[in-house]
Amino acid sequence: MALQFTTSYLEDSLTLFRYCKKQAEGAMAQVTDEQLLAALDEEANSIAIVVKHMAGNMRSRWTDFLTSDGEKPDRHRDTEFEAPPLTREPLMALWEAGWDCLFHALEPLSEADVGRRVTIRGEAHSVMQAINRQIAHYSYHVGQIVLLAKHYQHSQWRSLSVPRGKSADFNRRVTAGEASQR
């Protein structure tokens with residue numbers, strides 16, 4: 001599907017969040033359950049740890065988004081980097097619950113809400129700043145998930161964007177309205 005032109009900040013932000021979610025899910029679908037839990041070394045996070053952290057962050061940031069601080073008192077961030085779910089099903093349930101918080105918070109907003117004030121760890125942000133902060137944060141972690149999955153799958157990896165050597169074909173498809181970067 002071709003990119004939908006928009007001047008709506010919220011519409012485009014939601015599209016970017018959905019793109020991030022899709023990229024991570026496309027990467028996770030290519031790895032085994034064991035690879036979800038594997039870490040490259042003792043300082044590295046596994047895909048499952050990154051997912052657990054993202055879900056915890058989403059729950060904290062997007063629950064009561066307009067009315068309470070984005071760092072909830074019951075969030076224990078450090079524990080997000082310990083003991084992830086050991087199988088795919090509960091891990092993906094955690095993942096979906098985090099994204100549900102985000103979409104339930106953002107989908108009802110109007111463009112008039114973009115300038116409203118919210119706080120994260122007591123710091124004032126406009127809604128736009130808070131959204132941009134999270135787009136950047138989630139994109140960073142989705143990049144980690146994709147990199148790890150690609151590493152584990154090496155020659156079996158199925159590209160999530162433009163495969164090597166296929167740029168001309170992809171550009172033709174974008175021009176024809178058959179494909180989009182998103």
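Buried means under 20% relative accessible area, exposed over 50%, and partly exposed in between. The model shown in these views is predicted.

**View 1. Glu107 and Arg18 form a salt bridge.** The closest N and O atoms of the pair are 2.7 Å apart. Glu107 sits in the loop between α4 and β1 (117-120) and Arg18 in helix α1, so the contact ties together parts 89 residues apart in sequence. Glu107 counts as partly exposed because its relative accessibility is 43%. Arg18 is also partly exposed, at 38%.

**View 2. Glu71 and Arg61 meet in a salt bridge.** The N to O distance is 2.7 Å. Glu71 belongs to the loop between α3 and α4 and Arg61 to helix α3, so parts ten residues apart in sequence are tied together. Arg61 is buried, with 5% relative accessibility.

**View 3. Asp169 pairs with Arg172 in a salt bridge of 3.0 Å, N to O.** Both residues lie in helix α6 (residues 167-175), three residues apart, or about one helical turn. Asp169 is partly exposed at 36%, and Arg172 is partly exposed at 46%.

**View 4. Lys52 of helix α3 is buried yet has no salt bridge.** The nearest side chain of opposite charge, Glu82, is 6.2 Å away. Leaving aside residues up to four places away in sequence, Lys52 touches Thr79, Glu80, Glu82, Ala83, Pro84 and Leu94.

**View 5. Helix α4 spans residues 88-106.** From first C-alpha to last, this 19-residue helix reaches 27 Å. Its buried residues include Trp95, Trp99 and Phe103. The buried residues of α4 pack against α1 (9-28), α2 (33-37), α3 (47-62) and α5 (127-153).

Conventions: Residues numbered from 1 in each chain as written. Predicted model: local features only at pLDDT ≥ 70, side-chain atom pairs only at ≥ 80, totals over all residues. Heavy atoms only, no water. Helix = DSSP H or I, 4+ residues; strand = E, 2+ residues; numbered from the N terminus. Expected span 1.5 Å × (residues − 1). Buried < 20%, exposed > 50% of the residue type's maximum accessible area, 1.4 Å probe, protein only. Contact = heavy atoms within 4.5 Å. Lys, Arg positive; Asp, Glu negative; His and termini not counted. Salt bridge = Lys/Arg side-chain N within 4 Å of Asp/Glu carboxyl O.
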